[in-house]
Amino acid sequence: MEFVDIHGHYAWGIDDGIRDLEEAKAALKNASNIGVKVIAATPHVISGTHFEKEIQHFRERISELKREANKLGIEVHEGSELFLNHDAPSAIRNGFFIPYEHTKYALCEFDVRRNLPDDEDEVEEYLYALKSHGYTPVVAHVERYFKDKIDIDRVSEWVDMGYIIQVNASSLVGTHGSHVLKNAEALIENNLAMLIASDTHRIEGRRSPSTLNDAYKVVCKKYGEETAHILIHDNPLHILHNEPIERTQVKVGFFKKLFGR
Ligand SMILES: [Fe+2]
């Protein structure tokens, strides 16, 4: 199986991800060992904290990463994970983030430490800021924003807006607890999950590239190989090619539908 991993903090020494060149080499080796052929480097970009100078520095570091990855036969695409806060509209207006290279898709996130605010001004307005500037938001680890049962109707509205829903491999193997696992499953079972990524921060363990392989096995077993292939290969590649994504066709059994999760 060839994997395409479009959310990872491989670009070293920038954020809370990979710390130095040696770690980056080890993380790339880990990725290569499980069959990752293409990655996007998506360092955290914090609206209101990172400006032109920082963005330039991140781009240079990603260029260095590209050279290292090439040695292992891994293709690297530029990107960032834009933190959406009250400074986001201005950051987006000024271009202080890095969309996926040569595309109109941009990875973005909310604060995973708190419940997603009910207030549209703090969530939907920021997503719309990207859309109104011509970018399609790829919303990172959606399963992690809901401390109670995931609000499927709200996520469906994002999908209706054309936004892309990303799930973390770590969530599907239970790293963030059974509640987040159930949220991730609910996204897949409602055919709202569009891609799975490693969100790599470390060279080994649950936040490393190899978790993608573990999640692949879980998804194959529960939802079939075709679904797993769409989520971990086809759709990430569609995004990097600036193409529309494919929707999955997961069918949930009658009893599961009736009695919930
Ligand atoms: Fe991330």
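**Stop 1**

Select Arg154 and Glu124: they form a salt bridge, with the closest N and O atoms 2.9 Å apart. Arg154 belongs to helix H5 and Glu124 to helix H4 (residues 124-132), so this pair ties together parts that are 30 residues apart in sequence. A salt bridge here is a side-chain nitrogen of Lys or Arg within 4 Å of a carboxyl oxygen of Asp or Glu. Helices are DSSP runs (H or I, at least four residues), numbered from the N terminus.

Before going on, note what you are looking at. This is a predicted model, in which local features need pLDDT of at least 70 and side-chain atom pairs count only at pLDDT 80 or more, while totals for chains, interfaces and linings use all residues. Residues are numbered from 1 along each chain as its sequence is written, and side-chain values use heavy atoms, with hydrogens and water left out.

Now show the surface. Are Arg154 and Glu124 buried or exposed? Arg154 is buried, because its relative accessible area is 9%. Glu124 is buried too, at 15%. The cut-offs: buried is under 20% relative accessible area, exposed is over 50%, and partly exposed is in between (1.4 Å probe, protein chains only).

**Stop 2**

Move to helix H1 (residues 21-34) and select Glu22 and Lys25. They lie three residues apart, about one turn of the helix. Their closest N and O atoms are 3.7 Å apart, in a salt bridge. Glu22 is exposed, with a relative accessible area of 53%. Lys25 is partly exposed, at 35%.

**Stop 3: Asp214 and Arg206**

Select Asp214 and Arg206 next. This salt bridge has its closest N and O atoms 3.7 Å apart. Asp214 is partly exposed, at 29% relative accessibility. Arg206 is partly exposed as well, with 41%. How many salt bridges does a search of the whole structure find? It finds eleven.

**Stop 4: the negative patch**

Select Asp118, Asp119, Glu120, Asp121, Glu125, Asp151, Asp153, Glu157 and Asp160. They gather in a patch of negative charge on the surface. Patch residues have over 30% relative accessible area and no salt bridge, and like charges are joined within 9 Å. Which helix gives the most to the patch? Helix H5 (residues 152-160) does, with three residues. End on Glu157, which sits in helix H5. Glu157 is partly exposed, at 45% relative accessibility.

Key
Patch = residues over 30% accessible without salt bridge, like charges linked within 9 Å, V, L, I, M, F, W, Y side chains within 5 Å. Areas by Shrake-Rupley, 256 points an atom, 1.4 Å probe, with all protein chains shown as cover. Lys, Arg positive; Asp, Glu negative; His and termini not counted. Charge placed at Lys NZ, Arg CZ, Asp CG, Glu CD. Helix = DSSP H or I, 4+ residues; strand = E, 2+ residues; numbered from the N terminus.
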